Amino acid sequence: QTKSFDAQVIIMNHGGKIAKGYCPVVDCHTAHVACRITNIKQKMDRRTGKVTEMNPEYISNGDAAIVTMAPSKPLCVESFTEYPPLGRFIIRDMKKT
């Protein structure tokens, strides 16, 4: 059990900037849990995976990044490297995916 986890995210269909403190709903398997972004570790190129910026202030539409997320209640998340089918999740905000 952990209080937070790191995730690689790609921002799609989001109109504004996402910064630390942003708290969307994460749909992981059958769970729907609010998770706060506590840290944006790095911004990266979506295609190559190369790091383009360390500790950015925000991420926006089209960006890929490694973020630290803290769920508001217990959430089971699998490591993508260990079990890819269960290592994916969707982030929703204002009922949009």
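The legends below describe close-up views of a predicted model. Residues are numbered from 1 along each chain as its sequence is written, and side-chain values use heavy atoms, with hydrogens and water left out. In this predicted model, local features need pLDDT of at least 70 and side-chain atom pairs count only at pLDDT 80 or more, while totals for chains, interfaces and linings use all residues.

**View 1**
The largest pocket holds about 1000 Å³ of space. A pocket here is an open set of points on a 1 Å grid over the protein atoms alone, where a 1.4 Å probe fits, with protein on both sides within 12 Å along at least five of seven lines. Grid points are joined across faces, edges and corners, and the volume is the space filled by probe spheres set on the points. The lining consists of 32 residues, and Gln-8, Val-9, Ile-10, Phe-89 and Ile-91 lie nearest the centre of the pocket; a lining residue has an atom within 4 Å of a point. Two or more lining residues come from each of strand 1 (5-10), strand 7 (64-71) and strand 8 (90-92). Strands are DSSP runs of E, at least two residues, numbered from the N terminus. Strand 1 gives the most to this lining, with 6 residues. By class, the lining has 18 nonpolar, 8 polar and 6 charged residues. Ala, Val, Leu, Ile, Met, Phe, Trp, Tyr, Cys and Pro count as nonpolar, Asp, Glu, Lys and Arg as charged, and the others, Gly among them, as polar.

**View 1. The aromatic pair.**
The structure holds 1 aromatic pair. Phe-5 and Phe-89 form this pair edge-to-face, with 6.2 Å centre to centre and 85 degrees between the planes. Rings of Phe, Tyr and Trp (its six-membered ring) pair if their centres lie within 6.5 Å; planes under 30 degrees apart count as stacked, over 60 as edge-to-face and the rest as tilted. Phe-5 counts as buried because its relative accessible area is 14% (buried means under 20%, exposed over 50%, and partly exposed in between, with a 1.4 Å probe and protein chains only).

**View 2. Two lysines and the ring of Tyr-58.**
Lys-17 lies over the face of Tyr-58, at 4.3 Å from the ring centre. The charged end of Lys-43 also sits over the ring of Tyr-58, 5.7 Å from its centre. A charge sits over a ring if NZ of Lys or CZ of Arg is within 6 Å of the ring centre and within 35 degrees of the ring normal.

Gln-42 is found in strand 4 (residues 31-44), and with 19% relative accessibility Gln-42 counts as buried. Not counting residues up to four places away in sequence, Gln-42 touches Val-51, Glu-53, Met-54, Asn-55, Pro-56, Ala-64, Ala-65 and Ile-66. Contact means heavy atoms within 4.5 Å. Val-33 lies in strand 4 and is buried, with a relative accessible area of 3%. By the rule that leaves out residues up to four places away in sequence, the contacts of Val-33 are Pro-24, Val-25, Val-26, Pro-71, Ser-72, Lys-73, Pro-74 and Leu-75. Val-33 and Leu-75 are 42 residues apart in sequence, and their C-alpha atoms are 7.2 Å apart in space.

Asn-13 has a positive phi of about 55 degrees although it is not a glycine. Asn-13 lies in the loop between strand 1 and strand 2 (18-19) and is exposed, with a relative accessible area of 64%. Asn-55 also has a positive phi, near 50 degrees, and is a residue other than glycine. The place of Asn-55 is the loop between strand 5 (51-54) and strand 6 (58-59), and at 52% relative accessibility Asn-55 counts as exposed.

Thr-30 is found in the loop between strand 3 (25-28) and strand 4. Thr-30 is exposed, with a relative accessible area of 75%. Thr-48 is in the loop between strand 4 and strand 5 and counts as exposed at 54% relative accessibility.

Note on methods:
Helix = DSSP H or I, 4+ residues; strand = E, 2+ residues; numbered from the N terminus.
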